[in-house]
Amino acid sequence: MSEAFPAGSPAAPKITRRQTRSVRVGDLTIGSSSKISVQSMCATKTQDLEATKAQLSLLAEHGADIIRIAIDSRKDVEALAELRKGTKARLVVDLQESYKLAKNVAPYVQKIRYNPGHLYHHEKDVPVFEKVKYIVGVARDHDLAVRIGVNFGSLDPAQAAEGKDRFDVALESAREHIGFMEELGFENYVVSLKSSDPNDVMDINLRFAQEFPQIPLHLGVTEAGMLPMGEIKTRVAFENLLAQGIGDTLRVSLTLPYAEKFQEVLVARKIIDDVYAGRFRSVPRFVHQGLNIISCPSCSRVENEAFVELAQKVREMTQEFKERDLTIAVMGCRVNGPGETDDADLGLWCAPNHVNLKRGKELVGQFSYEEIIPKLKAEIGTVLSQRPQ
Ligand code: SF4
């Protein structure tokens, strides 16, 4: 077992990292033989070269070990090629449905992330194994790492039969893709199992770590939202997992204005340092009491740049309901918006010129950015009036 990093306080716990294999991401290694690496993601439009260059520099200057960029089109790939010329940062590209773009992005990145739940939407007649084989073939040819990114908000529809436990579906999806990797003889990959609920993140990663002790884990609480709650939610999961030696790389996903995106890196480093120095700040589990706002960290897919402001307005408007048990999800785009709002009491997801308002899985309506806050307030009133005080 590898030893923990030197701890800062005499009372610091002796943390023993879970012994994993090593995954190469360019000149960086992810796994128990290396320090826990910190990742972040550009929130700017990938094709806005000036803004994205500035975002890459900002994140790199603040110590991001790996920086993710969203790529959805060939124009995004052209932008990526330009961005590559101006940065030495280790880049990871997030493939959503467009798995074939792997080949186009490969010369410019060190790592590719795919989500098993998103490999079903395009080319439905192509077996998922063939799509993974394609991605792995590209990764092998270009010596890239791969992340299998399972997300509770976009679980594999083939596994997620109605009524099936989400934990079982997420683990089964990870197992299936690990099986694909084994069949393809590919080992340079990490796995992530993310949810917007820190308790889920804690529980599923513990289960995964027991079943697959050798596979490096990327930790993350998705849509942790704005500070300070975004940090608190993330701490609940990370403090528990890191203290048990689980977690080899991680990202703190915060909803922040673009110019402050580097806070993701600083908060991540602070959490790691605190854990290794024995400074724990969270409660053992996240207790859902009162208002819970989930909001995505935004990325280049965000449909309208008013998103961050919208998330802040939702927080301000809902202060009067802060004692009520209510979960509101605010999401930036159609990629994850529809699915990730399903489990919230009320959900908003952004389109270019309107915001979709949902109650649970049902669409209430589509409203302009000016109309949405009063509409949401009215809907909160309706939901709460149907509950006991
Ligand atoms: S919901 Fe959309 S905009 Fe927000 S982080 Fe996810 S992909 Fe990006």
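How many residues does helix α6 have, and how far does α6 reach from its first C-alpha to its last?

Author: This is a predicted model, in which local features need pLDDT of at least 70 and side-chain atom pairs count only at pLDDT 80 or more, while totals for chains, interfaces and linings use all residues. Residues are numbered from 1 along each chain as its sequence is written.

Helix α6 covers residues 198-211, has 14 residues and reaches 20 Å from its first C-alpha to its last. That is close to the 20 Å expected at 1.5 Å a residue, the expected span being 1.5 Å times one less than the number of residues. Helices (H or I, at least four residues) and strands (E, at least two) are DSSP runs, numbered from the N terminus.

The buried residues of α6 are Pro198, Asp200, Val201, Met202, Ile204, Asn205 and Phe208. A residue is buried if 20 or more other C-beta atoms lie within 10 Å of its own, exposed if 12 or fewer, and partly exposed in between, with C-beta atoms placed from the backbone. The cover over these α6 residues includes α5, β8 (189-194), β9 (217-225) and α7 (229-243); contact is counted when two C-beta atoms, placed from the backbone, lie within 7 Å.

The peptide bond from Leu227 to Pro228 is cis, with omega near 5°.

Another of them, α5 (166-184), also packs against the buried residues of α4, as do α3 (101-105), β6 (111-114) and β7 (145-151). In α4, Lys131, Val132, Ile135, Val136, Val138 and Ala139 are buried. They cover an arc of only 155° around the axis, which puts them on the same side of α4; the arc is that of the directions from the helix axis to the C-beta atoms. An α-helix has 3.6 residues a turn, so residues three or four places apart point the same way. Exposed residues Glu130 and Asp141 sit on the face of α4 turned away from its buried side.

After α4 comes Asp143, in the loop between α4 and β7. Asp143 is not a glycine, yet has a positive phi of about 55°. Asp143 is exposed, with 11 other C-beta atoms within 10 Å.
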